[in-house]
Amino acid sequence: MNVSLRGVENEGRRHAAEQGQAVAWVESPLQLLCAVEAHHAGLLGPATTIVPRAGLPALRPTLRELDRLGLPEGLRVAEQAGRAPRPGRVWAVGDAFSGRVQLALVISLPGRTVLVDDGLATIRLLELLVARGPLLRARGTPGLGRKVLATAAGLRLRTRRPTVFTALPVPAGLAAAVEGAGARLVRHDFAWLRAQPAHRPPPERTVVLGTSLVRNGLIHRDRYLRWLERIGEPVAYFPHRREDPGDLDRVRGIAGLTVYDAGAPAEMTLRDLRPDQRVLSLPSTAVTSLRVLLSARGVRVETVDVPDDWWTASAVPSLRSHLQLFAHEPHQPHLHDQPHLHDPGKVAP
């Protein structure tokens with residue numbers, strides 16, 4: 001059933017002894033943060049070990065920030081490892097499209113599987129669980145062996161009736177279909193993170209989240225940089241972890257724009273913004289997460305629609321649609337409905 005965080009906390013703690021030791025395997029900063037939230041909510045049981053994947057520098061700032069804040073009781077972070085650990089009685093993973101995760105699904109028998117949030121990839125996963133398709137990413141051309149593994153992993157995952165722990169606003173129709181397929185959908189609102197002391201917010205009124213769309217070859221670099229140049233007010237720029245260093249050098253050269261190399265996810269670094277500040281971003285999962293964290297503070301989190309001429313030939317229509325899935329809150333007008341924001345190069349103050 002589709003349940004709230006409060007219900008999860010009560011149920012999770014009531015059945016904690018039954019759940020036993022949990023093992024979480026994480027491969028991104030968001031997965032790491034959401035594994036912490038899942039443990040805090042009681043969804044994983046009284047004792048959880050998080051094993052970060054080795055060779056991922058992007059995880060290090062998040063690990064340092066978690067160390068600074070202090071982990072919830074019963075949670076520990078192990079040394080980074082090159083392969084997925086042996087599942088415990090409860091097994092939490094973020095990227096069900098990962099070859100390492102799929103291999104573990106096929107060859108091992110965890111008692112219960114919890115899928116922690118992995119951004120928009122979580123929505124694709126839910127769609128594939130319902131469609132009973134192989135667990136393959138939206139982009140890429142997998143070979144025969146990869147398809148066979150993805151098909152077997154999808155079958156094993158469905159038979160285990162997994163729990164999906166997410167902060168994303170899953171569309172009602174998809175949520176119902178997921179539950180009809182035997183999975184359990186649990187929403188959360190970053191309760192643990194919201195209770196932690198936050199960083200001092202940047203002085204600039206406007207905060208812009210960097211994007212990976214340029215480096216991934218989905219939008220044209222010059223158009224994106226031109227938009228940044230024309231915002232027309234001081235900007236605090238928080239880079240995406242996959243932005244190209246050369247692109248960031250060009251961003252640093254833009255007058256009135258300050259690059260903050262925070263490293264940790266935006267959810268961790270920007271959760272204490274003031275009501276007089278705002279966040280601008282191209283479509284990304286962080287937009288949804290920050291709305292969850294900042295709405296009670298009165299901070300506007302605005303998505304900038306990507307104009308048609310920004311997209312490259314690599315951005316097929318289905319991918320564009322998927323990326324914009326949660327661009328706007330319900331009833332929030334699009335930029336083309338706001339005359340003063342129609343030109344993406346002129347963002348109104």
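Student: Does Phe 238 count as buried or exposed, and at what relative accessibility?

Tutor: The structure is a predicted model. A residue is buried when its relative accessible area is under 20%. At 10% relative accessibility, Phe 238 therefore counts as buried.

Student: What is the arrangement of the rings of Phe 238 and Tyr 260?

Tutor: Planes under 30 degrees apart count as stacked. Here the ring centres of Phe 238 and Tyr 260 are 5.2 Å apart and the planes lie at 10°, so this pair is stacked. The pair links distant parts of the chain, 22 residues apart: Phe 238 belongs to strand E10, whereas Tyr 260 sits in the loop between strand E11 and helix H12. Tyr 260 has 24% relative accessibility and so counts as partly exposed.

Student: How many aromatic pairs are there by this rule?

Tutor: The count is three. In one of them, Tyr 224 and Trp 227 have ring centres 6.0 Å apart and planes at 35°, so the pair is tilted. These two residues are separated by about one helical turn because they are three residues apart in helix H10. Both Tyr 224 and Trp 227 are buried, and together with Trp 310 they form one aromatic cluster.

Student: How many residues has the largest nonpolar core, and which have the most contacts inside it?

Tutor: Such a core joins buried nonpolar residues through side-chain atoms within 4.5 Å. The largest has 46 residues, and those with the most contacts inside it include Ile 50, Val 114 and Leu 294. Helix H3 contributes the largest share, seven residues. Apart from this core lies another, of 29 residues, including Trp 91 and Ile 123.

Conventions
Residues numbered from 1 in each chain as written. Predicted model: local features only at pLDDT ≥ 70, side-chain atom pairs only at ≥ 80, totals over all residues. Heavy atoms only, no water. Phe/Tyr/Trp six-rings, centres within 6.5 Å; stacked < 30°, edge-to-face > 60°. Helix = DSSP H or I, 4+ residues; strand = E, 2+ residues; numbered from the N terminus. Buried < 20%, exposed > 50% of the residue type's maximum accessible area, 1.4 Å probe, protein only.
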